[in-house]
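Here's a quick briefing to read with the viewer open. Take a look at the fold, then work through the notes below.

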Amino acid sequence: MVLLQLNLAQITRARAGLAAQREQQRRALAQYRQAAGELEAMRRGGADARLLARQQQRVTRLAQTVRAATRQITQSLQTIRQLSTRLIGRRDPALMVNALAATHPVLLMPVSVQTRYDDATTRLMIRIYPDVLHGYAHDPGLTDAEVASGKSYWTQRFANPADAASPWTQIARAFGPSRAAYVVQTLTPGNVAAIGEAAAPVFDDAAIPLAAVQSAPVYGRALPTRFVAIGLRGDTEIFRKWGAI
């Protein structure tokens, strides 16, 4: 086994900074949505024009904060890509494979491979599709529809404590069992212990994590950095081609 010396300090700090920025973005978005809702309520209630103008300024400032946080996240992602490329881009991929520790198992996740020759039959073309198992699309923030469904679930539970199956079936059908369980857990009322006693659940709206304005991208967490295609004729290696990072 070949030992590789990789300095991960920079990329570790960059990832920690990205996580903090994502949390700041979620908090800013929650504040913006709350302020926008308050502004709409003030308009419907016929609030004074001066109060409306002040609240509108607050909503505008919060919207700018959300946009700035989104730009910072985009820049951080670019920085992490650049650091990753510099970290491994100039290293021989074959050497990196040889550096894998034999004391740790390597899991090869399924992928689909398609091959065909070009029209001149002089070049072999290979296309690799990741299996759906590779995708990671969990967003800690909840959409408006998820918040509404989660609150509806707990409202039904409080109204009819003996029937836990019906509200669960509804929300699981809408979002799938895994996401539904996350929504239900995240929206657990502060007075959940009072089911059967209290008339309605009590939610802390300010503490609910909300999804970003844009949908969270799907990441291939379990994919390797690159693939290698090796052609053999008998025991003789004919070619070895590495994919780009």
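D118 sits in the loop between β1 and β2, and at 16% relative accessible area D118 is buried. Keep in mind that this is a predicted model.

- A polar side-chain atom of D118 lies 3.0 Å from the backbone nitrogen of T122.
- D118 also pairs up with R123: their side chains meet in a salt bridge, with N to O at 4.0 Å.
- As background, most residues other than glycine have a negative phi.

**The hairpin strands**

- β1 covers residues 111-117 and β2 covers residues 124-130; the two run antiparallel and are joined by seven bridges.
- Y117 is placed opposite L124 of β2.
- Six residues lie between the strands of this hairpin, and T121 is the one with a positive phi near 50 degrees.

**The nonpolar surface patch**

- Which residues make the nonpolar surface patch? V113, Y117, L124, I126, I128, L223 and F227 do, over about 570 Å².
- The elements that give two or more residues to the patch are β1 and β2.
- β2 gives the most, with three residues.
- V113 is a strand β1 residue, and with a relative accessible area of 52% V113 is exposed.

**Helix α1**

- α1 takes in residues 9-44, which is 36 residues.
- From first C-alpha to last, α1 reaches 53 Å, close to the 52 Å expected at 1.5 Å a residue.
- Buried residues of α1 include I11, A14, L18, L29 and L39, but also Q21, Q25 and R26.
- After α1 comes G46, with a positive phi near 70 degrees.

- How many salt bridges does a search of the whole structure find? Nine.
- One of them joins the side chains of E23 and R26, at 3.9 Å from N to O.
- E23 and R26 are three residues apart in α1, so they are separated by about one helical turn.
- E23 is partly exposed at 35% relative accessibility, whereas R26 is buried at 18%.
- In another, the side chains of R44 and E40 meet at 3.8 Å, N to O.
- R44 and E40 are both in α1 as well, four residues apart, or about one turn of the helix.
- R44 is exposed at 61% relative accessibility, and E40 is partly exposed at 36%.
- In general, an α-helix has 3.6 residues a turn, so residues three or four places apart point the same way.

**Strand β5**

- V228 belongs to strand β5, residues 228-233, and is partly exposed, with a relative accessible area of 35%.
- V228 and Q10 are 218 residues apart along the chain, and their C-alpha atoms are separated by 28 Å.

Conventions: Residues numbered from 1 in each chain as written. Predicted model: local features only at pLDDT ≥ 70, side-chain atom pairs only at ≥ 80, totals over all residues. Heavy atoms only, no water. Expected span 1.5 Å × (residues − 1). Buried < 20%, exposed > 50% of the residue type's maximum accessible area, 1.4 Å probe, protein only. Pairing = 2+ DSSP bridges. Patch = residues over 30% accessible without salt bridge, like charges linked within 9 Å, V, L, I, M, F, W, Y side chains within 5 Å. Areas by Shrake-Rupley, 256 points an atom, 1.4 Å probe, with all protein chains shown as cover. Polar contact = N/O pair within 3.5 Å; in protein donor to acceptor, adjacent residues only side chain to side chain.
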